[in-house]
Amino acid sequence: MGVTIGIDLGTTNSCAAVVKDEKPRVISDTGGGFTIPSMVAVDDKGNRLVGQPAKRQSLINPVNTIYGAKRLIGRRFQSKVTGDVKKHLLYDMAQGDNDDVLIQMAGEIYGLDEVSALIIDKVRNTAQDILEEEVTSAVVTVPAYFNDRQRQAVKDAGKIAELEVLRIINEPTAAALAYGWGKHLNERVAVYDLGGGTFDLSLLEVRDNVYEVRATGGDTFLGGVDFDNRLIEHIIDSFKKQNGEDMSKDRIALQRIKDACERAKIDLSLKQETRINIPFIAMGDDGPMNLDITVTRDEFNSMVGDLIDKTLVTCEQVLGDAEWTVNDIEDVLLVGGQTRMPYVQEKVGEFFGKQPSKNVHPDEAVAIGAALMAYSLTSASDYRITLIDVLPMSIGVALAKDKFHKIFPRNTAIPNATSMVFTTSKDNQNQLKLKICQGESDKSSENELLGEFVFSGIPPAPKGQARLEVILKLSPEGMLTVEAQDPDSKQWIETTIAVTSGLTQKTHKTKLIDKKEPPKKKEQSQPKAETQTRPPVPPPAKSAPKPPPTKPEPPKKEKTPPPAAQAAPKRPDSWGPPPSPGLGIQTKKTASGKVVLKRDPITGNIIKNTGDGDQEKTSGDEPKREFKRYHAPPPPTPIGTKISTWIKGLFGKS
Ligand SMILES: Nc1ncnc2c1ncn2[C@@H]1O[C@H](COP(=O)(O)OP(=O)(O)OP(=O)(O)O)[C@@H](O)[C@H]1O
Ligand SMILES: [Mg+2]
């Protein structure tokens, strides 16, 4: 039987993790990096490159290097967001059937699901090389704010990559799973996830292995790339002012500026000012021109302040949806590379009124959480996660006059189900059509069309007498299925779906996915995984969490000291090669007694604790509150919910 891994399919970087010997580990690539650039390219010799090799040649081949594909997956070509993305992308797009976005690369057309499949394939093959075992399935993460269409497209990508996607889970939820691993938490957390392309905020109640999302919100079009774009625009403007040269149409120059701006942005997380220096960026009347512009941290902060404010508006709205205030939140977790920016940390800290916790690794927590979910779903051990997530955006039906009726409002707990009974509006009508959309607008045309369902084979009857029961089910992944039956005979009615996205079936010159066999396990091989995966995270204690004390004592909260704003989290070097058993625990005697230094399993940071025990900050031994809800989601609404009055006359021709 093959291995199941967790995959964080990121806009900028992808990352994989696995639970081995009951411990989650991040899987490196063969070059030693722990994330794989989410890039696909075709070089001048026609070779398809994925990951680091694609990134390395992007400067000289911007037109045939695809990046940021996750921002386009499941989107419509004619949508506003696609139009906005186009302004900043250096590769070409095309319109597909169903208004899907397609990419042109080296004379061939690719679907976004195919591009994502190539990245998944790369991650799978890398994991196989490292683990020396076949990887057959995965739990894949998506932004919490992905709609049904985008989730479906990621599932399709898994299919194309010939990898079974056991489950899709939301990125912030996955980060919370990593944070909670082995800690027996009993607290409310906010996960603020600002990655390369997307922003999510999720509010969760965590009680041991029960993770209940109370509300979620986000923007699938807001991330590090937008921060880069602000700097790029500034540099292009400044250069034009200085030299009168407009570089906004020169793709090679733009790729160099883009690359330099991202590096400068990262630099500004550590320094107060940085110099962007690109020799021979353009050819002027007097010969080659150099770009040399200094940007200060304050200048950059003022360029992007509104982007951060936008995330805080979402935070406000999600808190409102959960009916929480910032005082209800015990820990704020920062996930995603862009949260390394000090100004983001400062503003998020100000908003929540507390220093965000650094106890998750911003690049790796999501993959670790996915691996833990995979482990919970597949392992024979008794480790089980109970996950109750929510629907990020309302789902409903389109009514006459462009009205939209919400069936599942946003933040409905998933899984869930409901049913509606419809009647016919004409004699002998044998077909009903139902348009299902997702979004928050009162106008159905402004929401995302998920599908147009046609139910045929309705028995002939006078109008108003034939009845049709439509059953809508939300899977634990937040995806919708629609079925219909005759409510009296319980016979299923034939259903066809139109206007949804589907698997892209393009033919390429070379086989898209050439599934590699895993390398043969070497006899008596050294524990290779030990040297090429992150050190293991300690397993959860086998014992059940202690019951709450009858009189809850005020929790002794030992905060990890807030890191210096400009210090990037100490990651790779603090992980180093994995220590032998007893991971990273060192003890030192001090005048006051024993000081225990413990390495945080996820971040690699050292957590200091004074006293006799080595109790972790978030051991959860003293639960701080009783959760109001940590039960299973409500059972499906009893079949037969009648909402036929408002829908009369809705359906078209029979
Ligand atoms: N030290 C830093 N300071 C500021 N930004 C940083 C820093 N390190 C990385 N980033 C930015 O973080 C982003 C990548 O973050 P991450 O790898 O979490 O994104 P992702 O998972 O690929 O994207 P998403 O989750 O949105 O799909 C990039 O925009 C990168 O420039
Ligand atoms: Mg991410």
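**Conventions.** Residues are numbered from 1 along each chain as its sequence is written, while chains are lettered from A and ligands numbered from 1 in the order in which they are written. As the model is predicted, local features need pLDDT of at least 70 and side-chain atom pairs count only at pLDDT 80 or more, whereas totals for chains, interfaces and linings use all residues.

**Confidence.** I looked up pLDDT (the predictor's confidence in each residue, from 0 to 100). The chain mean is 80, and 78% of its residues reach 70 or more. Over residues 524–654 pLDDT stays under 50, and the model has 190 contacts beyond four places in sequence for them. A contact here means two C-beta atoms, placed from the backbone, within 7 Å. Where pLDDT is low, the predicted coordinates should not be read in detail.

**Ligand 1.** I listed the 24 residues around ligand 1 and found that Gly10, Thr12, Gly195, Gly224 and Gly337 come nearest. To be listed, a residue needs its C-beta atom, placed from the backbone, within 6 Å of the molecule. The shell has 4 nonpolar, 14 polar and 6 charged residues. In these classes Ala, Val, Leu, Ile, Met, Phe, Trp, Tyr, Cys and Pro are nonpolar, Asp, Glu, Lys and Arg are charged, and the others, Gly among them, are polar. Helices H6 and H7 each supply at least two shell residues, and the largest share, 3 residues, comes from H7. Helices (H or I, at least four residues) and strands (E, at least two) are DSSP runs numbered from the N terminus.

**H6 against H7.** I then checked how these two helices pack. H6 (residues 224–243) and H7 (residues 251–267) make an angle of about 115 degrees, with their axes 9 Å apart. The axes are lines fitted to C-alpha atoms, for helices over the stretch in contact, and angles run from 0 to 180 degrees between N-to-C directions. H6 contributes Phe227, Asp228, Leu231, Ile232, Ile235 and Ile236 to the contact, and H7 contributes Ile257, Lys258, Cys261, Glu262, Ala264 and Lys265. By class, this contact has 8 nonpolar, no polar and 4 charged residues.

**Mixed sheet.** I traced an open sheet of 6 strands in the order S18-S13-S14-S15-S19-S22, with mixed pairing. Strands pair if DSSP finds at least two bridges between them. S18 (331–335) and S22 (413–414) are the edge strands, each pairing on one side only. S13 (residues 186–194) runs parallel to S18 and is joined to S18 by 5 bridges; Val191 stands opposite Leu333 in S18. Helix H8 (residues 297–322) packs on this sheet, touching S13, S14 (199–207) and S15 (210–219), and its direction makes about 140 degrees with that of S15.

S23 and S26 (residues 467–474) pair over 8 bridges, and Phe422 has Leu468 in S26 as its bridge partner.

**Hairpin and loops.** S8 and S9 form a hairpin with 5 residues between them, and Asn98 in the turn has a positive phi of about 60 degrees. Asp21, in the loop between S2 and S3, also has a positive phi, near 50 degrees. The peptide bond from Ile414 to Pro415 is cis, with omega near 5 degrees; Pro415 lies in the loop between S22 and S23.
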